[in-house]
Amino acid sequence: MAGIYVHIPFCKQKCRYCDFTSFPDKIGLAESYMTCVFHEMAMRSEELKDCNFDTLYIGGGTPSVVDESYIAMLVAAAKKYFKLAENAEITIEMNPGTVSASKIALYKKCGINRFSVGLQTALDTQLEDLGRCHDLKQFTACAKLLKGENFSVDIMIGLKGQTLGDIEKSIEIAAEVGASHISMYALTPEDGTPIYTDYLNGELPDNDEVAEMYAFGVKKLKELGFVRYEISNFCKKGKESRHNLNYWRRGEYIGFGVSASSHIKNVRFTNTFDLDEYFKCIMTNRFPVVDSQEVDKEGRMEESVMLALRTAEGLNVAAFNREFDCDFDKLYADALKKNAEYLERNGGRLRVKDEYLYVQNTILCDFLS
Ligand code: SF4
């Protein structure tokens, strides 16, 4: 099974920490952009006619900022051009400052069955500091509209002035309003974003403080019945994101829109990040791909290990040996020995112990050739 990703690069305003491909001042181009996305889908349909897709993820940017009729047309186009399973997981990302009852009603009507809402923090002062275009009240109103639906909430840690109590409040509110899934990320101050200045000024929590916040958040989420299934992702039983699990299992996916990336037949490729260039390519029937790399056997092995060890299910060692015709234990004997205290093996699966998942990057380096 494979996934479809569509990138909607428009936002109401630019958040201070944002490094994603999003253009707050170009929302007027939404209609032309969506037309191009539909055309890009049509261009790929023949080549992917035998591929079975079971997830569609509409991300961004802020997909909920564009007129809901475009989103309905997008879901219809995905069904028209590709074999999308009857019970496909169809997710849309939403910013609470851009939703309405009528939008959500149409999303549900067109088949969207999973919602990902960016809260980030329950404190209005912190939301303002992050440059988010919503407050807590708008989030709770949005969650009310999603009552009974399968929805995820994003929470950020490592914010300026954030306390453990603030994190607790954010998690408790997300749980109280009925989220079935919570993604908890540490803020990354990217060079070139306004928040990077705060980082340079020493205004953000340091690594040790963030690690403490993270451990606290993990504990709180567990207490509230959220099971961790990937470093930053927690859910109620059976509510894992199928779309993201496919990424971590090295599954195939096709991405549409500016900056979208794909992984098909062991080739990873990425679309242009330049909106004008994207329009030009599509209007002249050219794929907007700017980078394409075939993943060789060694690369596939590395990816399999790196991605699987991010997850709680871990790496199926026997399947790995079969796929790559090798002996995992022999091949990675040094890395396994060096990291023995951080790893555990259960039922033929190798995983990073839960308490070390947050620092798994350092462990994984030893598995790279
Ligand atoms: S809503 Fe998301 S994509 Fe848009 S500016 Fe904020 S962080 Fe970036």
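Me: Two strands pair if DSSP finds at least two bridges between them. What makes strand β3 (residues 83–94) and β4 a pair?

Reply: β3 and β4 share four bridges, which clears that cut-off, so they pair. The sense is parallel, and Thr91 stands opposite Arg114 in β4. Strands here are DSSP E runs of at least two residues and helices are H or I runs of at least four, both numbered from the N terminus.

Me: What am I looking at, and how are the residues numbered?

Reply: It's a predicted model, where local features need pLDDT of at least 70, side-chain atom pairs count only at pLDDT 80 or more, and totals for chains, interfaces and linings use all residues. Numbering runs from 1 along each chain as its sequence is written.

Me: Why is strand β4 (residues 114–120) called largely enclosed?

Reply: Because seven of its seven residues are buried, and buried means 20 or more other C-beta atoms within 10 Å of a residue's own (12 or fewer is exposed, in between is partly exposed, with C-beta atoms placed from the backbone). Both faces are covered: Arg114, Ser116, Gly118 and Gln120 are buried on one side, Phe115, Val117 and Leu119 on the other.

Me: Why is Gln360 called partly exposed?

Reply: Gln360 has 19 C-beta neighbours inside 10 Å, so it counts as partly exposed. It sits in helix α15 (residues 360–365).

Me: What does Gln360 touch beyond residues up to four places away in sequence?

Reply: Ile231, Leu309, Arg310 and Val352, where contact means backbone-placed C-beta atoms within 7 Å. Ser180, 180 residues away along the chain, has its C-alpha 25 Å from that of Gln360.

Me: How do you know which residues are around the ligand?

Reply: A residue qualifies if its backbone-placed C-beta lies within 6 Å of the molecule. That gives Cys11, Lys14, Cys15, Cys18, Phe20, Ser22, Gly60, Gly61, Thr62 and Asn95.

Definitions and conventions: Contact = placed C-beta atoms within 7 Å.
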